[in-house]
Protein chains: 2
Amino acid sequence: MKTAQHSLPLKQVTITDAFWAPKIETNRTVTLPIEYEQCKKTGRLEALKLQWKPGQPNEPHIFWESDVAKWVEAAAYSQETAPDPRVAKLLDEVVELLAGAQQPDGYLNAHFTVVNPDRRWSNLQEHHELYCAGHLMEAAAAHFHATGSRKLLDVMCRFADHIDRTFGPEPGKKRGYCGHPEVELALVKLYRATGEKRYLKLAEFFINERGQEPNYFKQEAEELKRQGKGPWGWYQHGYEGCQAHQPLRDQDKVTGHAVRALYLYSGATDVAEETGDPTLAPALHKLWDHLHSRNLYITGGIGSSRNGEAFSFDYDLPNEVAYCETCAAIALLFWNHRLLQLEQDAKYADEMERSLYNNILAGVSLDGRRFFYANPLAVYPEANKNNPDNIAPTRQEWFGCACCPPNIARLLASFGQYIYSESDQGLAVHLYAAGEAAFTAGGVPVTVRQQTAYPWKGKVRFHIKPEQPVAFTLALRIPGWSRGATIRVNGDVVTPPVDKGYAKLTRQWQKGDRVDLELPMPVERIEANPKVRMDCGRVALQRGPVVYCVEEADNGTELNDLTLPRRAKLKAVFEPELLGGVVTLTGTAWRRDPAAWGNGALYQAGPTARLPVPFKAVPYYAWNNRGAGEMAIWLASEGA
Amino acid sequence: MKTAQHSLPLKQVTITDAFWAPKIETNRTVTLPIEYEQCKKTGRLEALKLQWKPGQPNEPHIFWESDVAKWVEAAAYSQETAPDPRVAKLLDEVVELLAGAQQPDGYLNAHFTVVNPDRRWSNLQEHHELYCAGHLMEAAAAHFHATGSRKLLDVMCRFADHIDRTFGPEPGKKRGYCGHPEVELALVKLYRATGEKRYLKLAEFFINERGQEPNYFKQEAEELKRQGKGPWGWYQHGYEGCQAHQPLRDQDKVTGHAVRALYLYSGATDVAEETGDPTLAPALHKLWDHLHSRNLYITGGIGSSRNGEAFSFDYDLPNEVAYCETCAAIALLFWNHRLLQLEQDAKYADEMERSLYNNILAGVSLDGRRFFYANPLAVYPEANKNNPDNIAPTRQEWFGCACCPPNIARLLASFGQYIYSESDQGLAVHLYAAGEAAFTAGGVPVTVRQQTAYPWKGKVRFHIKPEQPVAFTLALRIPGWSRGATIRVNGDVVTPPVDKGYAKLTRQWQKGDRVDLELPMPVERIEANPKVRMDCGRVALQRGPVVYCVEEADNGTELNDLTLPRRAKLKAVFEPELLGGVVTLTGTAWRRDPAAWGNGALYQAGPTARLPVPFKAVPYYAWNNRGAGEMAIWLASEGA
């Protein structure tokens, strides 16, 4: 029982957008080759040759396949929309390597083939075998869709079959599941690509079994201890750390490792969509509410704590030490995108858009060469100088745990699939980006062309081109951040019904029809709930979906002393030469007069005089593209 | 070559002060017995019997003697001012135990006698043998002064002689020094108590040798590694972590473990005072400036980072995660008190007073039963609930590393010695507290009686009672926080010369002379330097030397959303029944209207309406005496 709508496939969408197309192009021409090189030079590709011997460098790591797999997935999406012979060549080579690493029984993981062959499936809580398998399945499905070749798909079906023989409720099979969810959503993708229902059933098993008593991980740990083989470090985070503390259907609070949590919820949403099982949705809705009302940064970042890369506690959203892993924001988009197919509610698209234009895009430099793992909302470089690479105050070329770079590459390469959904009713538009969508309505091929300068301007024009006149609904998302949206059809203002945030234009459409959506985009001063103790007395500037920050490059140091008068005028101007072309916000703020502190006092009786100073805010996603320096999203705000 | 003034000894000072006398009494009647019991029940006393055998519980720890020693020191001071048979009995018992633990060669440390006898003096950087020896020497000097008994003093002279035979520049001796400074200042105390110049010379050696090349700790670590015996955990903090990165005379920035740093500076100041060596003062002045202008909390707390209990970097003074070990604030007082004898500058007394009335007093509950190790400036209990005892959001009964409780006990028991200094010129008054000081001026016995309700009122009256008329200078400190101080002699306003913060009243004094000092005590809104990024847009309320905080008990939760209008009237009222009698500050603040967030939104466009709310601030030192809850010193402040 499928739900009514589904995402419009990548190959039915073209992107000509001035904002997105260059990013996707950079991803293809710069990021994908760089990531291939990193996989090569760090030994991730060599590992697949299974030639490693003890004592040699570059010992294959338990989760290296996941990095390679995400790169393959990214390259495949890229080939689907913009075939590139250079990428094609690299892709063929890597697929060949992956195929060659498969064992006769279907198993595939270099570490557990050449380093610890006796430990296969022995420590599901900490090892990442099923996690890696999942990413390989996603890669296989993408590769199949992009190239039509079953090569990797067949490899992964063999691996999935092996997993299916190993895990399940039947006697003699392991009733285990992975410490790091991922294989669940991947099995659904494999099912969709192949039609093999066992894969869907296995995904369902993994979801259902997780957190049941007696807890599999407890039994596993006892066995490992008996054998003197464990546990590793992840145990300290407990079952909550990997969402195995209770069955998903009983959970109502997001907890533990953010990426694990969101991949699990995504997989569960896929299962709910494919099976029509109504018992998953209530828990998913509770978890969604808990996450989005108490544990979400304004950037779409989640998982505030470096300790366990995890959620900490409600409303605990520190800025300087925000972890906000790039992968977690991407996972948030994945989950919201899946919920949106289950139920067309604009709140899901709002959150997709929030993470997309803010935390996710911040994950990669504008030139496509460097990456953030953690995405803090404020940076004081001196405070971070001794921090490891993954919470560095500047983007890095690569990471020991390199999950984020290929994750953002696959997201950008597949951006097109997040824009539209189609259903019997017609087409729903979730995101605004110039380009074209091709679909059929009542059997009639239709093209919808979007023209827009989003996110800098709130005007979006749609040219509707059915091959022949046909009735369908064009559902346009009215973003949660917008107020006073207007819609015109062929120049005339219309007031269509709005259902869960979608304005539904239902009519007989014909070639030449034109729809104009206008979303006013004033600069908003956003406040955080008073329970978010870090942001009291502060505002974040947002315009459309874009959250702004102030940087040292524009505003000097001591950004925390910059105070935004509550009623100060803010000017939004597009600067085509700055940071790839962005709208900046400028105005006058206050700073305490340095002369009042000329004696070097650490404390003195106030109030000290303040001076008006010009300030400029830039989109958060574009920060740290002009060298290291202070940065802040939440600005002190006050009075007149 | 001694400096001109010295601290008036404890036995020449009596305290009748309404603020201090009850605290000193509670220290004697509650805290001292409790701490004795803790030492007993944790095995710290039993350890001194040297009966421990491998496999038994309560393995003697390398620094247990230091806890016992500080308790002895505290008990001795207490006996000196308020003899108590119960304390006397416990004191005798413990001194007996300590004496019994001494080895024939003078060595004394239970751990290195019964647990690791082969490791004596082998790991100076990490073990605490000299540190413990130092605390025992301090205890011995205090015990000797209080009781006249040489029992412990002789024990410690034998230990000091052993140390003197072991360490020094002479061939065959170790050129080492302790990873945790303390023995330096203690050796000076022992020298002062005994007149034995070798002890002063040894203190000088330890100061001079520290940080010289080749670095002793480097050589030691290489030797330990060779023997497979180390290093322990402290190595990660490097030589800077224990101020051994360069000779003290070359240092100009405070660094590393805060208590170690301040004990070292204190010892160096003692050496400078006793030897007249002018080469130490320049470095001490640079370090003082660096610490007090960039690394000091408004509470007198120092050492912001839990990592290494250390200074982090300039102006890095986070509030919620402020470490501010109680011992470090006490060490700050120790050092400033010593500098004050070297040079009578009120800035040193100002900092003594700051730490005393704020961070130090916060270290113990009003009932004398529980202790803070870390003293954060803001607390959100949920954020600390998983933290270990020493950064807990509530005071604890004891700690594994129990340095703080006996440190505050010895400070309170010896409070009298910090109030006055005497010199050829006369008497200097550094702190204001009711009581009496006895000294001689030009051979004439003089009594000066202070009457005051400080710190709640700024009026202080002095009754001067020389046995016969005599000329001397009464130097009164004009606190750095005060503006508009007035002085009257026998009712007439006088304007004496003020030298480095001391108003100097020089005249022929006779019985019945009366001096009135009046220090206006308005509520001050203190601001932190704009470089302290955590406190921008915030003020701390201070009245006289007392820093205030808001607590959940008076103001509810979400204290960070409480905003103090910049010009709001603040009422200071003495509440005799509250927290042992305190002046509270009340007024009207603002909070955002909860109704504006009734939908549970995490983010929304502002500005949201605000409501006036009554607020009450209490002295920081008295916080957390009404259950666990939020607390904040730095309050949002704004506009009209």
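**Domain layout, chain symmetry and helix packing**

The centres of domain 1 of chain A and domain 3 of chain A, taken over C-alpha atoms, lie 45 Å apart. The model is a predicted one, in which local features need pLDDT of at least 70, side-chain atom pairs count only at pLDDT 80 or more, and totals for chains, interfaces and linings use all residues. Residues are numbered from 1 along each chain as its sequence is written, chains are lettered from A and ligands numbered from 1 in the order in which they are written, and side-chain values use heavy atoms, with hydrogens and water left out. Chain A is divided into domain 1 (42-224), domain 2 (420-518) and domain 3 (523-638), with bounds that come from an automatic or database domain assignment.

Chain A is superposed on chain B by a rotation of 180 degrees with 0.0 Å of shift along its axis, at an RMSD of 0.0 Å (least squares on the C-alpha atoms of residues with pLDDT of at least 70 in both copies). This is the relation of a two-fold axis. The same surface serves both copies, in that 100% of the contact residues of chain A recur in chain B (contact: heavy atoms within 4.5 Å).

Helix packing was examined in both chains. Helices are DSSP runs (H or I, at least four residues) numbered from the N terminus; axes are lines fitted to C-alpha atoms over the stretch in contact, and angles run from 0 to 180 degrees between N-to-C directions. In chain B, the axes of helix 3 (residues 85-101) of chain B and helix 6 (residues 151-166) of chain B come within 10 Å and cross at roughly 25 degrees. The two helices, helix 3 of chain B and helix 6 of chain B, are therefore roughly parallel to each other (angles under 35 degrees; over 145 is roughly antiparallel, 65 to 115 roughly perpendicular and the rest oblique). Val95(B), Glu96(B), Leu98(B) and Ala99(B) of helix 3 of chain B meet Lys151(B), Leu152(B) and Val155(B) of helix 6 of chain B. By class, this contact has five nonpolar, no polar and two charged residues (nonpolar: Ala, Val, Leu, Ile, Met, Phe, Trp, Tyr, Cys and Pro; charged: Asp, Glu, Lys and Arg; polar: the others, Gly among them).

In chain A, helix 12 (residues 281-294) of chain A and helix 13 (residues 326-342) of chain A pack at an angle of about 135 degrees, with their axes 13 Å apart. That makes helix 12 of chain A oblique to helix 13 of chain A. The residues of this contact divide into seven nonpolar, two polar and no charged.
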